[in-house]
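This report looks at one helix and the nonpolar core it takes part in. The model comes first, then the notes.

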Amino acid sequence: MSAVEDLTKELLAANGEFLQGKALWNSLGYRSRRSLYRAIAGQTRPPPVPIFKIEGRRGWAARTRDVAEWLANVQKSNGAQAGDHPIK
């Protein structure tokens, strides 16, 4: 299995199809919800994956698969080894 597939399975098992709340901002490397919201509002660098609202839910969300792919690419570009986990 590839790093993307491993990470996707891990994130899907823990969070489901969408990441929201603390799982979302932690996965994307933001220190807080406010930091993420500033990025969404264009006050800082934009989030690395598409962020959107889901009707009937509060807050913002991202597809778990998009976040896993982004994390795997970050891991790869930083020379991380297979089995290293960016999320604890």
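The notes below cover the model, the helix and the core.

## Basis

This is a predicted model, where local features need pLDDT of at least 70, side-chain atom pairs count only at pLDDT 80 or more, and totals for chains, interfaces and linings use all residues. Residues are numbered from 1 along each chain as its sequence is written, and side-chain values use heavy atoms, with hydrogens and water left out.

## Helix H1

H1 spans residues 3–15, 13 residues in total. Helices here are DSSP runs of H or I, at least four residues, numbered from the N terminus. From first C-alpha to last, H1 reaches 18 Å, close to the 18 Å expected at 1.5 Å a residue (1.5 Å times one less than the number of residues). Gly 16 follows H1, with a positive phi near 90 degrees.

## Two sides

Leu 7, Thr 8 and Leu 11 are the buried residues of H1 (under 20% relative accessible area, 1.4 Å probe, protein chains only). They fall within an arc of 105 degrees seen down the axis, so they line one face of the helix. The arc is taken from the directions from the helix axis to the C-beta atoms. The buried residues pack against helix H4 (64–77). On the other side of H1, Lys 9 and Ala 13 are exposed (over 50%).

## Nonpolar core

The largest nonpolar core has 15 residues. Such a core joins buried Ala, Val, Leu, Ile, Met, Phe, Trp, Tyr and Cys residues through side-chain atoms within 4.5 Å. H1, H2 (21–27), H3 (33–40) and H4 each give two or more residues. H4 supplies the largest share, 3 residues.

Leu 24, Leu 28 and Val 67 have the most contacts inside the core. Val 67 touches Leu 11, Leu 19, Ser 27, Leu 28, Val 49 and Ala 62, not counting residues up to four places away in sequence (contact: heavy atoms within 4.5 Å).
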